[in-house]
Amino acid sequence: MKLLKINNERVTVKYFTITLLFFMSNFMDVVRLEKFDHLSRNTEDFIISPIIDSETLIDNYGFRSVRRLKFDDPYLYLYSQQELNQLRLSETELSLQAEIRRNKGEWLRKPRTVYVDGQGNYVNKNEKRDWGDPILSDIFFNDILQGSISAISWKKMIPSANALSYFSDPTQPTIISEQGLIAVDDLTKKWWTECTDGEAIRNRNATLNYLVEDYIINNELDDKPLDWMSLGCGTALPVIKSAVNLGIEPNLILVDKDIDALEQTETLAKQLFFNGNIMKFSDINIFSENDMNRLSEVLNFKPKIIDLMGIFEYTGDNIRVNPSKFLRNSYSLLDDGGMMIFGQMLDTRPNLDFALGVVGWPFIHVRSINDLKQIILDAGIDLSKAELFLPNDNVYSVVKIKK
Ligand SMILES: C[S@@+](CC[C@H](N)C(=O)[O-])C[C@H]1O[C@@H](n2cnc3c(N)ncnc32)[C@H](O)[C@@H]1O
């Protein structure tokens, strides 16, 4: 569809809105949310069943292996296939429009612009904090999502781990708004469930679960609890769910500067019947070599598993963090025989401009597989120790590095 001027853009998108809402109202009766118990273990049992392609990819880029993971996300079945197709179509349409507007310099801040330094301080204090495409963002939240208070409250949470938790578990019934705790409306719930990034985050969590399971099965571990460190853990929802799902009681070392998110880990642990130990660190800047050394000294032991899920795409020029140094510092904390796991959003991902411009996830630095390879090499890590996993949603890559 041809792009018109700004005033007319609204007309174009509204056409899609109307089509979308038409489909939503027609198929609303197939919603089967009641089958999905909020935070239940059963829900996750369905999700965490990756099917690995029997063949590894022929071009392995020098990695030990490159494998595609196929997931069958049960949340996507909460709505009809037609609704899913329609929603994805409107997402793609907005993404294309956002891409065109980004190329014309109409976003407030372009991706990869230097914004804050490695300590999180603004490089230019006078710069506006707003991000992304203001016009399309307004159309999405105020027209397509009908100005939903749930959706707007959620947007304000971006890029916190709290915002992410609604993708991990889109059936969460409530959200904190300016008016206090409110019920999430159906339209917003549907977006979290069906959108590209919702599926990708759940598949990323499932990949983490799969790799930890594989590690437990294939390594002779002693009887003491597994030391599992999560850097930039957020609420640690994927980690805790995974531990419970795998029936293990690890000693979790959770590191995040977001005190609110860290506090939530206790509540989640109780809700999910997690019986392991939890150590929390909110005063460590994971991008600072000094802080990471301090963490290592305080702990006085090295974890067998370190995950850096959802943090790697924030490293780069835009926040002046060298990804190779970050990787090397994190790897130095890992015990011999241990495993490090990190995710990275791919530059070839679908609906990139929708995620960055319209929804407005800031700072994100997307990368190619070759970029990843170079980062690992620059960190001084032998590529033959690294395995690459590519979930079939094509949004993230996940790297596993053994020591
Ligand atoms: C996208 S979330 C990922 C959460 C979780 N690992 C997951 O996969 O769901 C990224 C987290 O990194 C944390 N973070 C960002 N920069 C940090 C820093 N310099 N030091 C510590 N934590 C940081 C944020 O507070 C946020 O909770």
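Leaving out neighbours within four places in sequence, Pro-303 touches Asp-227, Trp-228, Met-229, Ile-253, Leu-333, Leu-334, Asp-335 and Gly-338, where contact requires C-beta atoms, placed from the backbone, to lie within 7 Å. The model here is a predicted one, in which local features need pLDDT of at least 70, side-chain atom pairs count only at pLDDT 80 or more, and totals for chains, interfaces and linings use all residues. Numbering starts from 1 along each chain as its sequence is written.

Pro-303 itself sits in the loop between α11 (289–299) and β8 (305–308); helices (H or I, at least four residues) and strands (E, at least two) are DSSP runs, numbered from the N terminus. With 22 C-beta neighbours inside 10 Å, Pro-303 counts as buried. That label needs 20 or more other C-beta atoms within 10 Å of a residue's own, with exposed meaning 12 or fewer, partly exposed covering the range in between, and C-beta atoms placed from the backbone. Asn-251 is 52 residues away from Pro-303 along the chain, and their C-alpha atoms are separated by 9.1 Å.

Zooming out, the protein chain has 14 helices and 11 strands, and 44% of its 403 residues are buried. Of the contacts between residues at least 6 apart in sequence, 77% link residues at least 24 apart.

Next, the core. The largest nonpolar core holds 97 residues, and Phe-140, Leu-231, Val-255 and Ile-341 have the most contacts inside it. Such a core is a set of buried Ala, Val, Leu, Ile, Met, Phe, Trp, Tyr and Cys residues joined through C-beta atoms within 7 Å. Helix α8 (residues 196–218) supplies the largest share of this core, eight residues. In soluble globular proteins, nonpolar side chains tend to be buried together. Val-255, neighbours within four places in sequence aside, is in contact with Met-229, Ser-230, Leu-231, Cys-233, Phe-281, Ile-284, Ile-286 and Leu-295.

Helix α7 (residues 186–194) is largely enclosed by the rest of the structure, because seven of its nine residues are buried: Thr-188, Lys-189, Lys-190, Trp-191, Trp-192, Thr-193 and Glu-194. Helix α3 (residues 81–103) has 23 residues and should span 33 Å at 1.5 Å a residue, which agrees with its end C-alpha atoms being 33 Å apart; the expected span is 1.5 Å times one less than the number of residues. Buried positions in α3 include Glu-83, Leu-84, Gln-86, Ser-90 and Arg-101. After α3 comes Gly-105, with a positive phi near 75°.

As for the ligand, 16 residues surround it, and the closest are Gly-232, Gly-234, Asp-258, Met-309 and Gly-310; a residue counts as near if its C-beta atom, placed from the backbone, lies within 6 Å. The shell divides into nine nonpolar, four polar and three charged residues, with Ala, Val, Leu, Ile, Met, Phe, Trp, Tyr, Cys and Pro taken as nonpolar, Asp, Glu, Lys and Arg as charged, and the others, Gly among them, as polar.

Most residues other than glycine have a negative phi, and most peptide bonds are trans. Ala-236, however, has a positive phi of about 65°. Ala-236 lies in the loop between β5 (227–231) and α9 (237–246) and is buried, with 28 C-beta neighbours inside 10 Å. Phe-363 also has a positive phi, near 70°; Phe-363 is found between α13 (352–359) and α14 (369–378), in a loop. A cis peptide bond joins Ile-158 and Pro-159, with omega about 10°, and Pro-159 is in the loop between α5 (149–157) and α6 (161–168).

Conventions. Contact = placed C-beta atoms within 7 Å.
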